[in-house]
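Q: Please take a close look at one part of this model. A connected account of its packing and its surroundings would be welcome.

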Amino acid sequence: MNSSLLTNIESKLKRANDHIQRLSVDIPKWSNENPAKCDCVLNEGRLGFKLILDEFEKPESLNDWSLSVGECVHNLRSLLDNLTFALARLKQDPPANPRSIKFPIYQEEAQFRNGSSSTIRQLTTDVAELIEKTQPFQRNNPNVEGTPADDPLVILNWLSNIDKHQIPIVIHLFPNSIANSARVEYYSEEEASLNVPPNVSVWVDNFTPGTTLMEYKSKHPIKKVSGSFNYIVTVSIDVKGTLLPVMKLMPYLIGYTNLVLDQFRNFFV
């Protein structure tokens with residue numbers, strides 16, 4: 001029975017992997033085939049120029065990508081709760097208070113002590129100790145890399161709560177890099193040298209046609225801007241105000257969740 005409990009839990013990890021494997025094909029393919037094209041518009045008096053987003057169509061599958069990411073997050077977060085329930089069954093089956101069992105995720109030790117007691121007392125001592133070792137508050141230790149706020153479990157829990165209780169996870173199209181073959185020419189070498197380093201501002205939100213993505217300001221009039229600018233678009237999600245690429249974040253969360261699961265596999269042998 002013990003091994004079958006783990007098999008059912010691992011199926012959620014596999015399903016999360018399946019979602020990301022599909023996205024790992026669909027997203028780069030779309031991104032590479034759809035660079036964002038820009039118009040170059042000179043500022044008044046030719047004192048610099050702006051890059052303004054030209055025609056750009058959002059992918060038809062954008063909502064499907066959002067749902068896939070949300071389902072991936074749900075599978076990862078819920079499998080941790082499923083794992084904790086299965087571990088509780090190893091001590092007493094059925095557990096005495098099953099509705100109070102969940103995998104705790106806390107950034108502060110005091111909160112862990114107060115908030116997880118109903119779960120911890122239903123686990124064996126060695127399981128409870130191991131769960132404590134996985135907690136994000138352990139990163140307050142100077143010998144542990146990172147901070148509790150950046151712990152993958154904290155990010156996963158935050159995304160899960162947003163998706164369940166507020167709004168489904170939203171996909172953002174984020175301008176990541178510019179394929180730049182442009183050249184700025186001034187009326188004299190002296191004026192060109194007086195505009196080094198260039199004064200450039202970049203904007204990354206409101207990725208819709210007509211939006212100014214970049215502005216180059218100069219102290220002297222520009223004679224000519226030649227070449228081209230093409231933005232490479234990254235598919236991202238908002239994590240506490242920071243846009244993170246889906247294809248970096250989600251494999252990271254899957255990998256870390258699997259590492260946590262690995263810590264408990266021996267209990268099911």
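A: Relative accessible area is read here as follows: under 20% is buried, over 50% is exposed, and values in between are partly exposed (1.4 Å probe, protein chains only). The model is predicted, so local features need pLDDT of at least 70 and side-chain atom pairs pLDDT 80 or more, while totals for chains, interfaces and linings use all residues. Residues are numbered from 1 along each chain as its sequence is written, and side-chain values use heavy atoms, without hydrogens and water.

Axes are lines fitted to C-alpha atoms over the stretch in contact, and angles between N-to-C directions run from 0 to 180 degrees. The crossing of α2 with α8 is left-handed, meaning that the near helix is turned anticlockwise from the far one by less than a right angle. Contact, meaning heavy atoms within 4.5 Å, involves Val69, Cys72, Val73, Leu76, Leu79, Leu80 and Leu83 of α2, which meet Val246, Met250, Leu253, Ile254, Thr257, Val260 and Leu261 of α8. These residues comprise 13 nonpolar, 1 polar and no charged (nonpolar: Ala, Val, Leu, Ile, Met, Phe, Trp, Tyr, Cys and Pro; charged: Asp, Glu, Lys and Arg; polar: the others, Gly among them).

Helix α2 also packs with helix α6 (residues 152-165), at about 115 degrees and with axes 9 Å apart; this crossing too is left-handed. Gly70, Val73, Leu76, Arg77 and Leu80 of α2 touch Leu153, Leu156, Asn157, Leu159, Ser160 and Asp163 of α6, a set of 6 nonpolar, 3 polar and 2 charged residues.

Cys72, one of the α2 residues in the α8 contact, is buried, with 0% relative accessibility. Cys40, by contrast, is partly exposed at 37%. The structure holds 0 disulfides, which would require cysteine sulfur atoms within 2.5 Å. For Cys40, the closest cysteine sulfur, in Cys38, is 9.6 Å away, too far for a bond.

The peptide bond from Asp93 to Pro94 is cis, with omega near 0 degrees.

Definitions and conventions: Helix = DSSP H or I, 4+ residues; strand = E, 2+ residues; numbered from the N terminus.
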